[in-house]
Amino acid sequence: MTAGPVEPARLWPTPDFSAPADQVALLPRAQSDAELSAELLEKVLHPPRWLGTAIALTGACSAVLAACVVYTLLTGIGVWGNNIPVAWAFGITNFVWWIGIGHAGTFISAFLLLLEQRWRTSINRFAEAMTLFAVVQAGIFPLLHMGRAWFFYWLIPYPSTMGVWPQFRSSLTWDVAAVSTYLTVSFLFWYLGLIPDLAALRDYAPERWRRRLYAISALGWHGSATTWRTQRIAYGLLAALAAPLVVSVHSIVSMDFAIGVLPGWHSTIFPPYFVAGAIYSGFAMVLTLLIPARRLYRLEHLITTEHLDKMAKMLLVTGSLISYAYVVEIYLAWVGGDSFERHMLLWVRPRGPFAPLFWTVIACNCGSPLFLWSRRVRRSALCLFTLTLTIQLGMWLERLMLIITSLSADFLPTIAHGYRPTVIDGALLVGTLSFFLFLFLLFLRFVPFIPVSELKALQFELRGRQ
Amino acid sequence: MTKQEGSSQAGEPLFPVWTNSVFRLALALTAAVPVSIPAVLWAWERTPYVTGIGIPRPQPVKFDHRHHVRDDGIDCIYCHADVERSASAGMPATSVCMGCHSQIWTESQELAPVRQAFFQGAPLVWNRVTRLPQFVFFNHSVHVNGGVGCVSCHGRVDDMPQVYAVASFTMEFCVDCHRAPEDRLRPLSQITNMTWSSERLGPESRARLGRELDAQPQTDCTTCHR
Amino acid sequence: MPPLKSAARDSCLDPAVPEFDAAQDQPPSELSRREFLYLSGATIALSSQALPGCTRAPAGKIIPYRVQPEVIVPGRALHYATASTLDGYATGILVESHEGRPTKIEGNPTHPASLGACSATEQALLLQLYDPRRVQTVTRRGVPAQSRELLRVLRAAGDAKRGGRGVHLVLPPFSSPLLGSQVAALQSRLPELRVHVHAPLSRVNAWRGSRLAFGSVLETRVDLRQAAVVLAIDADLLARGPEHLALARAFADARRMSSAGSPMNRLYVAETAMTVTGAMADHRQAIAPSEAPAFAAALLHELCSLLGSDTAAVPAPIRSDLSALAGTSSVERRFTHALARDLAAHRGRGAVLVGDHLPPVVHALAHAVNALLANGALSYAPSPIVLSEADSFGSLRELRAALDANSVESLVVLDADVAYASPADLELESLIGRAKESVCFALFPNATWATCNWRAPAAHMIESWLDTRALDGTTSIVQPLIAPLYSGWTPSEVLAALLGVESPSAHDLLESFWRERRTRDFESFWEMSLVRGTIAGTEILQSSRPELSWNWRSFLEPRARLQHEIELNLVGDSRIHDGRFGNHPWLLELPCPVTKQTWGNAAQVAPALARRLNITDGDVLELTQNGRSIELPTLIVPGHADGALTIALGWGQRDMASTESFGASGYRLMHSDERGGTTVRVHATGRREALALSQATMQLGESADSILLVSTLERYKAQPRAHQPQRKRGLSMYVPDAPRAARQWGMTIDLNACTGCSACVIACQAENNIPSVGKHGVLEHREMHWLRVDRYLAASDSAPRVMIQPMTCQHCEKAPCEYVCPTGATVHSSDGLNQMVYNRCVGTRFCSNNCPYKVRRFNWFDYHRGEASPSELGHNPEVTVRARGVMEKCTYCVQRIRNAEIRAKVARRPLADHDVHTACEQTCPTRAIEFGDVNDPHSDVAKLRDSDRAFQVLPELGVEPRTRYLMKLTNPNPELAK
C-alpha cells in the first residue's frame, strides 16, 4: 500500500499549494510517492557495497572499547591518567560531550516540529538516530568513571536493607534521572516516527522473512486514517515532552560543575551556556554525518544545500551564544571580587600550563563560526564539513579545559598538579567514537534514514497530489 | 506500480491470526519487566536463604543451650565472659568447659572433642552463627551495659537445641533500634534474662528507665562504620 | 596491670588462640593468617568455604583459647612499655598490642627522651617488624644451615684458648649495660679480640670537641626552656640527635605564646643545608661547612671584645689566633656582631649548639662561648655510650688493615651494615670476603649480609629482651611483644655465644644480669621497670661547670678558603637516618620535611649555584671525588649555602629482596679521615630524571593571607587582634545534616610550634592502615597520606622565610564534599565530624573535586591486595582496610573517639578533656596539635580557638572548618630586622 494522509491530522498544516520559493527549494525535484518509495526503500533493501565493510570495521574498533571497559573495571580507575587534584578528566569530558551532541536530534525533531519548520522533514530521523546513539555513548561514562561501578544502583532510589536513600542534593543523582529519561524519550520519539516507514518496508520487501521481520517491528501498523491520526497526535505529544528535556538535561549536567566551589566552576551562567554548547556541537555532528551520507546515497535533491544553509545558520547562532558566554564568564571574574576566580580565568586558563588548550578552544568555538557569515561557505558542503569537525573538536576540548584547569590549580598552591592522559583514556574515546559510528551504520543499513512518509506528506503539501 | 508492491499486496497474510494475541502478550510482558525485576530482587534479599534466619548451624560438639541455660540455669556471662568489657562477647575457652566436665560426663562420647581439645591442645573450631560485615564495628559491652538484653538480638537461645540466627543483622535492623531504643531497654539486672519482656513496664516507667540508663544511641555513620 | 613479663611472654608464646571479632581487620589471604597463627599464635582464622545447609550467609569459624591468659581480653588492646635505640641512644615507647599482635607505637610519657612523643622513625618500627623481606633463615655460603652449627662457629671464635687472635667484632654504638658487661667480659676473656664500633653518624666529633674543651668525653645537654637566645651551628637540634623530641618540646614551650604578654625565645641558625631547625629560625645564615670554624671563632672574638674583662680567662695567644681566624669568616660582620650583642645581652640565658659532624674545634669554641657567657641552660655529663672513650670509636681503619693483612680469622658483624654504610675508600665490601669466617646478623639482606659467608637473622627490637639508655643515662628494659618471627638473634645472645654459653636466651641473660645488680626485692623492681619503661635512679649525674682547658690552640690555624670549588656536605637523611631504614616503604614515601622529595635523594644546591652551573631541578649530575663518582638529580633548595652541595646519606642501597634501588649512595663519596668539608667535582650529564616531589611549588601565590598568617612578635604584641577579620558567620541555604550534639569535636594546630618534622604523617599512616603507593604513585600524585605537611617559602632565594602548615581534613561544618556525594557516603555526624563511610562510597570522586583543601584520597587500585604476609598483621583492627574504588580521608581518628566514648559509657563516667587523642596529636613532639570538644569552654582546644592567633584557612569560602590554625610568629632581632 502507499502511505499518505487521507485526512490531515490536527498537528499538520493544511495544504498550501502556493508555498514560498525557499520552501519549495527544500524539494527541488517533483517526485511521485511511488518514485520516492522506490528511491528510498530500495536503498535499504539493496544497500551500497561499502556499507558492509564499514560496519565490520567500526564493529572491530568497538571491540577495543569493550576491552578497555573490562580492563578498567577489573583493575581500577588507576589505569586512567586521573590523580588528586585532577580526579575527573577524560571520562566526564566524554560524557558531557556525547550527551551534548545528543541534544541536536531532539532539538530538530521536537522544537522544529512544534515550530512547524518544514526543513526538518528530510533530516529529523537522521538527527534522532544520532541523538539516540550519542546518548548511548554518554551513558557509558558516568557508570565507568565510578570507583565501584557495580554499585551504580545506589544512585537509584529504592527501599534497600540499609534503610538509606540517595543524596538528592547532588547533581549526580539527577544525572541518572536526566540521562535515562532522555534516552527513553528520544528512543520512543525515534521509533514512533519510524513505524509508518517500517510498515512501508514490510509491504515493499521482496522476501517473506524480511516482510515478517519488518511486520513485527512495525507493530501491526495498517495505515488507516485513525492510526495516522493517533500516531501524529502521539508524535506531537512526545515532541512537547521532549522539548523541555533539551533544556533540562544539559542544565542538570552543567550542575555537575556549577554546584562546585571551584574557581571556574562555581558559576550561575553554566546551564544556558551548556545548553547552547550542546546544540552547537549537536548540529555540528548532524552535519558531519549528513554531508557524507547525502553524497554517498546521492540524495542531494532531498537533503539540499538549503538544508545545509539552515543548519549552518543554527551553528552561527549557537556559536555566537557560546562566544558571548565566554566573554561574560571572564568579565564576571574580572569585576567580581573573588581573587581565586580571577586568578583562574585571567591567569591559569589563558596564560597557565594549559594555555594552548584554551586558545585552541577559542579558535575552534569562537573563530570558526565566523566563516558562516558568508553565504558561500554556508552552502559549500566541503567547507561546512571541515568547519563542523573543528567545532566538535573545539567543544570536546572546551569540556576538557573546563574540567582540568579548574581542578589542577584551585585554592592551595601546594596540591596543584597537572594531568596526562593514558593510552586507556585515548582508547576509550576512540572506542566510543567507533561504537557510535557502528550503531549509526546499522541504522543506515536497516531503516530508511529519511522519513519517507513525512517526505511524501511534504511533497503533497508543497505541490499537491502529482 | 512495481512488481514487488503488487506481489506484497496480493500476498497471503504474513502471520496466522493467533499471533496477534501472542504479540499483545509480548508487549504486556515487556512493559512488566522494569517493574517485576526490582521487585523480585527486593524480595530475594529478604529470604531466609540470604539472611540465614532460623537455619541452625552444625557444630563440632552438640552443645545444647536448652540444657545448659534452662535446665542448669547457667548465666550467659559465665561462658561468654568478655561480653561486659569488650567488643566481642567471647567464646568460652576449652578450660571453661572442662571446669565442669572434668567432674561430670567425663566419659561422654559427646564431649570427646572437648577433652581432646583440652589435652591435645588442638583447639575446638566452632561455626559462626551470627555474622556482621567486615566494615561494621559492633561492641557488645556498650550494649549490655546500656540496657540491651542478649535476647533482643540473639533470640531465645535457651530454646535452641542448635543455635540459629533470629534476625538478619541488616543496617535497618540496627538503625530501627538506635532510632527508638526505649521499648527495647531493660534494667541492667535483666540483661541475660531470656524471658523478661519490656511489656511488664508501663510507658512512663520505660521512659524513666531510658533516662536512668542514659540511653542515647547515636545514628551517626561512624557509630558502626570506621 | 598484671605481671607484664609473663603477660608479654604468654601472649606471644602460648599456642592457644583467642576468639575476637575478626571482622575488624581483614586478612587479604587466609594462608597468611594461618602462617601467623603458627608463628606467634594469637588470633582467629577465617574460612570461606560454605557450610552444608540451605543458606548463602558466609560461614566463619570461631577458634577459642584452650586456656585464656588472664590479661588478654579479646577485642581490647594492651600497651607495653619498651624502648627503641638509634645510634645507641634510647627513646622510650609504648607498643599497642591486639591479641599479641603489635599494631601501633606511641611515645612513653615517662621517658625523658620521649615525653610521650615519637618521631617517624619509631613509628615506622612497626612495619619493619612485619616486613616479609626480613632475613628469615640461617645460611652458610647461601646454603640453609642449623643455628646450632652457627652457635658452634661462634663458640669456637670465642674459645678462650685462642685468646681471640684474629677475632673481630663489629657492633653499632650501644648503651646497654648488659652488652657493656658482656663486651668487657669478652675483652678480658679474649685479650686479642678487636671490637669495632661502627656508626656513620656517630657523635665522635662532639666527643672529641668536649675532650679539647674539658679534657674528657662529655655529652652536652641543654634545657631550651632556660634559653632566651639560641644559636645552632649546623645543628638540626629539633629533628635529629639523641634527645631531639625533648628538645623540640622545650623549644616549642618557649614559643607557645599562650597570651600576647608571654615571652618568646629567639633562634639563630647558621647552617649549610636547609634543615627543620633552620626553617624555624628567626635569623638564618647559610654557611659552607668549611666556614663553620671561622664563624665560631668570629663569634667568640666578638664576645671577647664585648664582654671585656670577663673574658680574661681567654689566653692571649688564643685571642690572636681567634682574630686571625675570625678575619677569614665570610659571614658578614653585621650578623656576627648583632648575634654576639644579643648573646651578651642575655648573658646566662643563651645557648650555642653545634652539629655533631662539625670538626672538634667548632665544638670547643662553642663550649668556650657558653662557658664565658655562663649559660645556665647547658650542662655536661659523661656519655651513656659504652666505649665512647675509645679513640678507635667509629673508625673501621683497623678492621680494613687487618683484612688487608689477611689476619682476620673470624669476623662477627652485629646489625651494622659496614660494607655499605662506611667510607668508600675503605673498600670493605670487597675486603670482607678475605676473612676466613665471617658471620653477619642482619635484619634485612643488606650489603654486609651479602658479603659474609654466615648469614643469620637478627631479632627486631619488638622481638628482643635487652636494656638500653637514653642520653641522660635513664635505663629502659626492652621487652618483646611477640616471639621472634624468624627466630632472630639479639646482640646479647650472640655475645653470650662468643662467651661460650650453651644455649643463650635473651630473657634469661637480661634477667640474671639485673638480678645481680638489684638483689633485694628484685621481682617488684623488675615488674616496676617493665611497667614504667624506665628504671628509676639510673640518670647520669650532670655537672654544669666543667673546667675549661684552653690547650686547643693548634686547631685554630685558619684553613685555606676553598675558592671556586664546591664543598661536599654529607648529612644523615631525615627519614632513613644512615640508611638502616633504606627499604622502609613508609619512610621512603614520607616527603622530606625540607625538600618534599620522596623515594630518593638528590644533589641539593643553592639557586645561585644552580644558575652558575646552568642546571635546573631534575638535571642529573655526575659527582666525582678522588676517583669515585655517583650520579644524582639536581634539587634546588632556596636557603642552601652557595658553594656547597648537600647529599643525604643512606640511599642507593641494593635491596637484595627487590631489585630496585632509590637515589645514590653518598658513602661512595665519603672519605674515612673526614666527614663533609671535602670538595666534589660536578659535571652535568645532560640527562634528566623525574624527582618524586610531593609538592609542586612552595610559592604562596596571590591570596597568601587567606591561606596562612605570619607576623612578628612586636607587631603581634602591638595589636594582637590585628589579623582577625570582623567576619560574621556566613548564611547557608542548607540545614545541617545532623542534629548537633552537646559534644563538638575540633582541632587546633599551632604554626608557631609546628616544626614540620612529619612524625604525625607516619603516625596517621600507622593508625589508619594507609598504604604506600610507590615512587610511580607519587609521580602521578596519588599519595594516600591523610595528613600532609604543606611548606611555603617567602622572601628571597638566599634567605627564605619558611612557613609550614600541616593540612588534613578540616571537618568543615558546611562541608562542600557532603552535598555533592550522590550516595551520602560522606555526611556530618551530630558531634561535628565529617564522616566518610567507605562501604557506602561508589567512588565518583566529586567530593575530592569539591574539597577546597584537597585532602581526600582515592583508592586508584587495590593497594592492599599485593600485601605479602605477615605485613597485614600490623593493621589496626579498629580501622577498615579500604578496598579499591573508594574515597578516604582524615576521620579525626574516629575509632579512638568512639572507643573512648564506649569506655566512658561502660565505666559510667563522663568523657573528660584529653580522653581522646588523635594519632597525630599523640605523637607530635611539640604538642602543636590540640584536639578536643570545642563546645566545652574549659577544654584546651576551645581556649586555643579563642586565642588571638587563631585563624581558619580559606575563610572566604564560609565552609567553617573545625580545624583552626594559630598564627606563626617570628622574633627577629631589631638590629638585623632592617
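**View 1. Packing of helices α5 and α6 of chain A.** In this predicted model, helix α5 (residues 124-144) of chain A packs against helix α6 (residues 171-204) of chain A at an angle of about 145°, and their axes are 9 Å apart. The crossing in which α5(A) passes α6(A) is left-handed. From α5(A), the residues that make the contact include Leu132(A), Val135(A) and Val136(A), while those contributed by α6(A) include Leu183(A), Phe187(A) and Trp190(A). Sorted by class, the residues in this contact are 11 nonpolar, 3 polar and 3 charged.

**View 2. A sheet of 4 strands in chain C.** The strands of this open sheet follow the order β12-β11-β10-β13 (chain C), and their pairing is parallel. Because β12 (283-286) and β13 (350-354) of chain C stand at the edges with a single partner strand each, one side of each has no neighbour in the sheet. On average, neighbouring strands of the sheet are turned by 10° against each other, direction ignored.

**View 3. Strands β10 and β11 of chain C with a helix across them.** Strand β10 (residues 229-233) of chain C and strand β11 (residues 266-271) of chain C run parallel and are joined by 5 bridges. Ala232(C) has Val269(C) as its bridge partner in β11(C). Helix α9 (residues 292-307) of chain C lies across β10 and β11 of chain C, and runs at about 155° to β10(C).

View 4. Arg949(C) is placed in the loop between α27 (940-946) and β35 (950-951) of chain C. Arg949(C) counts as buried because its relative accessibility is 2%, which is under 20%. Leaving aside neighbours within four places in sequence, the residues in contact with Arg949(C) include Arg256(C), Tyr716(C), Asp750(C) and Tyr965(C).

Technical notes: Residues are numbered from 1 along each chain as its sequence is written. Chains are lettered from A and ligands numbered from 1 in the order in which they are written. This is a predicted model: local features need pLDDT of at least 70, side-chain atom pairs count only at pLDDT 80 or more; totals for chains, interfaces and linings use all residues. Side-chain values use heavy atoms; hydrogens and water are left out. Axes are lines fitted to C-alpha atoms, for helices over the stretch in contact, and angles run from 0 to 180 degrees between N-to-C directions. Helices (H or I, at least four residues) and strands (E, at least two) are DSSP runs, numbered from the N terminus. A crossing is left-handed if the near helix is turned anticlockwise from the far one by less than a right angle, and right-handed if clockwise. Contact means heavy atoms within 4.5 Å. Ala, Val, Leu, Ile, Met, Phe, Trp, Tyr, Cys and Pro count as nonpolar, Asp, Glu, Lys and Arg as charged, and the others, Gly among them, as polar. Buried means under 20% relative accessible area, exposed over 50%, partly exposed in between (1.4 Å probe, protein chains only). Two strands pair if DSSP finds at least two bridges between them.
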